[in-house]
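Hi,

Here is the structure I said I would pass on.

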Amino acid sequence: MAHSSNKKYQTKIARGAVLLALLLTALLMQAKVSAEEKTQLGNWEVHHIVLATTFLTPEIAKANAIVRSKYNSFVNISVLDSDDKKAQNVSIVGTARNLLGNSKKLSFKKVKDGDAIYYLAVFSHAHKENFRFEIKIQQGNETQTLELQQEMYVD
């Protein structure tokens, strides 16, 4: 039993480290590309970032079932109430469409870390492939659409 508890504790620490890794990566990349951004959609503050999976440590990637590859990136979305800044439990679906019109469905996985909620979706890409993201966020009767565009690179 002690081994099982220790493994759960390590998994929780690894998941909690996702935010730290994303924030540090965003700071390091800020000079090169646009890092984490915020978009106001209705009553929501939507924070979003698209990063290569290679920026995650192997432990963090494993804890969140993310395959690290120079050909994989991920979208990280968090939705906050604009007034009280509390994380919102929402439903998210999306697509990533390249400039040739080829579309990839984004399957978002919810990750909870204390009061924070992150929605992660991994997708594959080629070097210098440009994507237009259309991400629908829904809570009850309210639906908002987040649209992003980003060029992806292979390191």
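This is a predicted model: local features need pLDDT of at least 70, side-chain atom pairs count only at pLDDT 80 or more; totals for chains, interfaces and linings use all residues.

Numbering starts from 1 along each chain as its sequence is written, and side-chain values use heavy atoms, with hydrogens and water left out.

The sheet is an open one, built from 4 strands in the order 5-4-8-9 with antiparallel pairing. Strands here are DSSP runs (E, at least two residues), numbered from the N terminus, and two of them pair if DSSP finds at least two bridges between them. Strand 5 (103-106) and strand 9 (142-152) are at the edges with a single partner strand each, so one side of each has no neighbour in the sheet. Strand 4 (residues 91-98) is joined to strand 5 by 4 bridges; Ala96, for instance, has Lys104 in strand 5 as its bridge partner.

Now to Asn130, which sits in strand 8 (residues 129-139). Its relative accessibility is 18%, so Asn130 counts as buried (under 20%; exposed is over 50%, partly exposed in between, with a 1.4 Å probe and protein chains only). Beyond its neighbours within four places in sequence, Asn130 is in contact with residues including Arg97, Leu99 and Glu151 (heavy atoms within 4.5 Å).

Last, Lys128 is in the loop between strand 7 (116-124) and strand 8. Lys128 has a positive phi, near 60°, though not a glycine, and is exposed at 51%.

Cheers
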